[in-house]
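Trainee: Hi, could you walk me through this one?
Mentor: Happy to, let's bring it up and start talking.

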Number of protein chains: 4
Amino acid sequence: MINVGIIGYGYWGTNLVRNFFAAKNCCVKSVADFRPERLQQLERSFPSVKGVKHALEIIQDPEINAVVIATPVFTHFELAREAILAGKNVLLEKPMTSSVEEAEILIDLAEQKGVLLMVDHTYLYTGAVEKMKQLIDRSELGCIKYLDSTRINLGLFQSDINVLWDLAPHDLSILKYLVSEQPYSVNARGITHTENRIENIAYLTVNFQSGLIAHFNCSWSSPVKLRMMLIGGDKKMILFNDLEPTEKIKVYDTGYSYATDEEKKQVLVDYRTGDIHVPKVATSEALLNMAEDFISCIEQKNTPKSSSYLGLEVVRILEASTQSIRNHGKEVILEPSYAAALMHS
Amino acid sequence: MINVGIIGYGYWGTNLVRNFFAAKNCCVKSVADFRPERLQQLERSFPSVKGVKHALEIIQDPEINAVVIATPVFTHFELAREAILAGKNVLLEKPMTSSVEEAEILIDLAEQKGVLLMVDHTYLYTGAVEKMKQLIDRSELGCIKYLDSTRINLGLFQSDINVLWDLAPHDLSILKYLVSEQPYSVNARGITHTENRIENIAYLTVNFQSGLIAHFNCSWSSPVKLRMMLIGGDKKMILFNDLEPTEKIKVYDTGYSYATDEEKKQVLVDYRTGDIHVPKVATSEALLNMAEDFISCIEQKNTPKSSSYLGLEVVRILEASTQSIRNHGKEVILEPSYAAALMHS
Amino acid sequence: MINVGIIGYGYWGTNLVRNFFAAKNCCVKSVADFRPERLQQLERSFPSVKGVKHALEIIQDPEINAVVIATPVFTHFELAREAILAGKNVLLEKPMTSSVEEAEILIDLAEQKGVLLMVDHTYLYTGAVEKMKQLIDRSELGCIKYLDSTRINLGLFQSDINVLWDLAPHDLSILKYLVSEQPYSVNARGITHTENRIENIAYLTVNFQSGLIAHFNCSWSSPVKLRMMLIGGDKKMILFNDLEPTEKIKVYDTGYSYATDEEKKQVLVDYRTGDIHVPKVATSEALLNMAEDFISCIEQKNTPKSSSYLGLEVVRILEASTQSIRNHGKEVILEPSYAAALMHS
Amino acid sequence: MINVGIIGYGYWGTNLVRNFFAAKNCCVKSVADFRPERLQQLERSFPSVKGVKHALEIIQDPEINAVVIATPVFTHFELAREAILAGKNVLLEKPMTSSVEEAEILIDLAEQKGVLLMVDHTYLYTGAVEKMKQLIDRSELGCIKYLDSTRINLGLFQSDINVLWDLAPHDLSILKYLVSEQPYSVNARGITHTENRIENIAYLTVNFQSGLIAHFNCSWSSPVKLRMMLIGGDKKMILFNDLEPTEKIKVYDTGYSYATDEEKKQVLVDYRTGDIHVPKVATSEALLNMAEDFISCIEQKNTPKSSSYLGLEVVRILEASTQSIRNHGKEVILEPSYAAALMHS
C-alpha cells in the first residue's frame, strides 16, 4: 500500500485526488494547498483526507511514500527536489520543469536516491494513443513521414507559461511515445496579443534527419475548439480527432510511392487510397491508468510509460522552441542527450 | 465585344473556356494546346472555337484582344511578355510568375503598352471571400490579430513547383485582399518525401509589425481534405470552411480584451463569447465573376479586384518562403514595394 | 428549508441526490433503496444522508416535506398516492404514470390535499429548450407547421416499458411546452426484436387539426446516436441538435409561402432562404434548475414549468400510441381533457 | 448500335442526353420537347441531335430502337404504351407509372411485344448501393431487422405528385434491391401546407411478416438537407450517408442478441460493439452505369438491375401509401403479386 500526498488542489488536483482514490494499492493521505477555501472544498468532498497548508508538511511526513506535485511549473523543481531528497517517489504534472537543466538534475537525483520520478503525460494512457502505438509497432503505417497537430480553442491565458508550454506537452509526449527517432532541430514562431510578452498563438516545427517533419499549431485564441492530429506513414495514415466521442481514430489505407522517370526527368507519385478503418478504442479513464502505472512502478521498480526521460525530452523541445521564438524562428539544433539514448535503449 | 484566346487547354483551361463562353461581352475565338488529343476534345465540346497548336498563333492574331494564359508557371513570363508586346490584354493563371522580378517586369511592360494585366486569383470572386471583405470593411471584426489557414489533401505532386507555390496562392491572395497592412517577414519550413527536392508538405508564417500573424499549412499528403481558414479579430472571429456546402462562413461574436493587474503583476484576459452568425453567401460561379471582371476592366480601363499588383505581392511572399525553406526556416524580411504601396493607395 | 426524501437510488437517483444537494433552500434527509449495495454506495458518497430500505420510511417520516420518486414506472402510482395521502409534495420521474387514469387520480388527490405534484421533464429546464420557447413566444418562427424528432442510439432494452415510453417523453414534453394547440390524434407503429413483445423501435405521429404534424422516431437499436429535432414555422425554422457541444440551436431564416395560380390551376410555392443564427444558450445544469423549480414552487405555491398537467398530457399521448401500435397503426383520437384545458388557460 | 430517342428535355433530360452520349454502343438520335426554348438549348449543347416537338416523332421514327421517357409521371403510361406498341424498347423515369394497374399493363405489353421495359432507379447503380448489396449478399449483416431512411430538404413543391411519390422511390428501390422478403403492409401519414392537397411532408412505414420494419421520412420543407439510411442487421449495421463526399458507407460491427432469464421473467439483451469499417466505394457516374445497363440488356436480352418488376413493386408501395394517407394512417395490406414473385425467382 502506497501512501500518497498531493501538493496543489486546483482544477487538476481535484482530478488527481479522485483518481488516486480509485486506484489500486494506494491511499490518499493528505493534500496541501495554501488557499483555505480549497482545503474547505477538499474536506467537503473527501472528509477522510487531511488538508495541510504547506507542501513541506507532505514532503516531511514519514508515512507518505509518494508525492504528487500539481502546482505551477516554476515551482516544480524546488518541490520535486525536496521530495526526492526526503526519499519520496515523485509524480510531476506536465511540463516536468521550466528547463532542461532542472529536469536533468532531478533525474540524476532520483537515480541517486533510488526513487521513482515520473511525469504525468496523461495522453499516453488513453485508449486512442495506445491504439496508435500498437498500429505503429505492428508496422501498419510503414515509415512515418509526418505528424501534424492542431490544438486550439478559447483557452485561459496563462500568466507564467506561453501557449506552447501549456498545450504542446500533450502532443510532444505523443510524438516522443510513438516515434523512436531523435528529433534534430526545431523552428517556432509565436505572437503575443497582450502586454506580458507571453505568446498566445504559436507554431512549432520539429525536424528529423530522416525526413520526418512534425508540426504543432497551438492557440488560446480560436473561437472553435480543435484537437486533431494527423500521422502519415508511407503505407497508412491516421487521423486522431480527440473531440469525436466514439470515432477518435481513423486509419486510412492510403499511401504513396514514387518512381523516377529518367526520360522525362520527372518524379512520378502514385497514390493508393482504400478503405478506412475505425478501430474501437478503450474508454477507461486515462488519469486512473496513469495513477495505477505510478503506483505499480513504485512497487515493482519498473519504468513507467510516461517516464522522466520522456518528460525531459518534452522540456528539451519546449526550451528550444522558446529560443527559436526569441530568434524570430531561427532553427535551433537539439543537443543529443544521454537520457534520450537511455529511453529508447 | 472582346475576342479572347486561351493558351493551355488542360483541366483548368476547360473551365476557363466554359466560363468565358458564358461571360458577357466576349467571344472565345481560339484555344492553343500542343497536345492533339486536347484539341480534339475541344472540337467535340466547343465546335465553334478554333483550336491551334502554337501559342503564337493566338498572340499574333490581330482579331484577338485578350489572351488568357493557363500553362505551367515557368512559361508564364515568356508568354505574357510576348502577348503584352503584341498589345494584348493578359490574364495569367496563379501564381503570376516564378519570381518577383518577372512579375515586376510584366507590370511595367503592361503599363507602358497601356494594356490590362490581371491574375486569376479565383477565390477573390467567391461569395464567401466577398462576405468576409464586407465584414472586415465594416469593422465588425475589430483589429485583426491572426489568420490561420489549412489547405491539405491527397494532392497531385507537381513536378515544377512545390506545395506552397501550388496551394498557398489561394490563401495568400485572400490575405492580401482582406488585410491592408504590409507583411514584414516570412518563415517557412517544408519537407520533400520524393527525390526531386520539391516540398510536398510545408508550413509558412507571415509576420506583421502590428502583431498580426498569418499561418499557412499546406500539404499534398493528407488523407483528409481540409480547406479551413480562421480569421481572428479582437471583436469577432470568422471560420471559413470552404468544404461546407452551405455554411461556409461562421462569424463568432467572440473576442478578448485584457487589463494589467498592477498589484499582482498579471495580465488578466477577459473573454466574451456570444452568438454565432452564418451569413448567406452568394453562390454564383466565382470563375464566371472573374472572367467578367477581366472583360469589364478591359472595356472600362479599370483595375480588377485580382490585380497584377496583388498577384505580385503573392509571388513576393512565395519567393521569400522558398528562401526561408532553403535557410532552414530563417526569417526572411520582405522588401517594401512600390507596387504594393500603389495597390492600397 | 424543504426536507427532501428520495425513493430509488439507481443511475438517475444519484444525479437527483447530487442536484438536490446543490439546490437552494432544501436538504436531502434520506434515500430509500432496497438494494444494500446501493445504500453502501450512498454512504460513501453522501455520508450525511440517511439510507433506508423501505420507501415507507420516507413517506411516513414527519420531518420530510417533499418526496422524489425515481423508481420504475409501474411503481409510480402507488408510491405517489401514498406520499400525497401522507401530505407530502411529490416529484415523479418521467413518464409520470403507466396510464392516463392513474395520472388523473394523482392530480385530483394532490389538489384535494393541497400539495404540489410535479413531473421531472428535465429537458424543459435546458438552455436550448428555453431559447426555443422564447423564439416561439416572440413569434419569430411564425405559424408552426411541423416538429420532427429523432432520438436513436444503442440503448438499454427496458423490460417494463417500450422504446416510446422510455425515450419519447423527452420530446413529447418539449412538444407540449412549445406548442399550445391540443393534439387531435396519434398513429404509431413499432416492432420488437426480442421475445418479450416490448417494442425496441417505434415511430409516432401526432396530428393536429390546424395542419401541424409532429413525428417521433425512437430506437434502442441504432449504431449511431442521434438527438435531433426540427421545428418548422412558416417564417423561420429551428434545428435542435442536442449532441452539438456548443451549437445546439440553429435558427434558419427560411420559410415558404404559396400562391394559387388560377390560370394554370397550380399552387406556386416560394421559398425564402437567408442567414442562419446560432444563439448562445445557457449551460447551467438542467437538473439543478428543475430541482430548484420544485423547491421554489413548494415554497411559493406556484405551478412549476414541468407541471403534473403537462406530465399527464405526455402520458395521454403515450397511452394512445400503445393503442395505435396494438391496432397496426390505426389513428387513435385523443380525448380532450379538463387538465389540458387548465394547463393553457 | 442502339439508336436512342429521348422524350422530355427538362433538368433530368439534360443529364440523360449527356450520359447516353457517353454510353457505349448507342447513339442519341433525337430529343422531343414541346418547349421551343428547350430545343434551342439542346441545339447549342448537342448540335448533332435532332430536336422535335412531338413525342410521336420519336415513337414513330423507324430508325429509333429505344425510347427514354423523362416527362411528368401522369404521362408515362400513354407514352410508354405507344412506344411499346411501336416495337421500341422503353426506359421510364421513376416512378414508373401513376398506378399499379398501369405498370402491370405495360409489363404485360412489353412481354407480348418482346421489348425491354426498364425503369430508371438510378440509385441502384451507385457504388454505395452496390457495396451494401455485396455486404448483405455475403451475409455480413446477418438477419436484417430494420431500414430507416431520411430524405429531407427544401424541395421544389411538385404540382402533380406528393413528396412520397417524388422522393421515396429512391429509397424504396434500394429496399427492394437489398431485401428479398416481400413487404406485407404499409402505414403512412402526411400533411399538406398548401391548398392543393398534395402532401409536402409524409412518413411511411413498410411492415414485413418476419419482423423487419422499414421507415421513410420524406420532406420538401426542411431547412437542412439529409440523405441518410440506416440498415440494421443482427450481426452488423450500416449507415449510408449520401451527402458524405467520401465516407458514404459506414459498417458498424455492432449487433445484439438476447436471452430469456426464466427465473426473473426477463429478456436480457446483450450488445456487441466493435470497430467501424468504411469501405471504399466506386465513384463512377451512376446514370452512365444505368444507361449502359439499358443498352446492354437490349442487346443481350437480359433483365436489367432496375427492372420493370422492381419499378412495379415501388409503385405498389406508393399506391398503398396514398391509400393509407387518405385513411388517416390505417394499415393497407399489399397484395402479393405475380411479377414480384418472378423478380426474386
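**Talking through the chains**

Mentor: A UniProt record, an unreviewed entry, places the feature "domain: Gfo/Idh/MocA-like oxidoreductase N-terminal" at residues 2-121 of chain A. UniProt positions are given in the numbering used here, feature names are shortened, and annotations may be inferred rather than shown by experiment.

Trainee: What should I know before reading the values?
Mentor: This is a predicted model: local features need pLDDT of at least 70, side-chain atom pairs count only at pLDDT 80 or more, and totals for chains, interfaces and linings use all residues. Residues are numbered from 1 along each chain as its sequence is written, chains are lettered from A and ligands numbered from 1 in the order in which they are written, and side-chain values use heavy atoms, with hydrogens and water left out.

Trainee: How much of residues 2-121 of chain A is helix and how much is strand?
Mentor: That span is 42% helix and 24% strand, and its end C-alpha atoms lie 21 Å apart. Helices (H or I, at least four residues) and strands (E, at least two) are DSSP runs, numbered from the N terminus.

Trainee: New topic: how many residues does the contact take from chain B and from chain C?
Mentor: The contact takes 11 residues from chain B and 11 from chain C, where contact means heavy atoms within 4.5 Å. About 1,000 Å² is buried between chain B and chain C, and carbon and sulfur atoms give 39% of that. Buried area is the accessible area (1.4 Å probe) that two parts lose on being put together, summed over both.

Trainee: Which three residues supply 45% of the area that chain B buries against chain C?
Mentor: Asp275(B), Ile276(B) and Lys280(B), which together supply more than any other three residues.

Trainee: How many salt bridges are there between chain B and chain C?
Mentor: There are two, a salt bridge being a side-chain nitrogen of Lys or Arg within 4 Å of a carboxyl oxygen of Asp or Glu. Lys250(C) and Glu247(B) meet in a salt bridge through their side chains, at 2.8 Å from N to O. On the side of chain B that touches chain C, the elements giving two or more residues are β13 (249-261) and β14 (266-278) of chain B. The largest share, six residues, comes from β14(B).

Trainee: Now chains C and D: how many residues are in contact?
Mentor: Here 50 residues of chain C are in contact with 50 residues of chain D. The area buried between chain C and chain D is about 4,300 Å², with 66% from carbon and sulfur atoms.

Trainee: Which residue of chain D forms a salt bridge with Arg189(C)?
Mentor: Glu331(D) does, with the closest N and O atoms 3.0 Å apart. On the side of chain C that touches chain D, β11(C) gives the largest share, seven residues.

Trainee: Why do the copies meet through the same surface?
Mentor: Because 100% of the interface residues of chain C are also interface residues in chain D.
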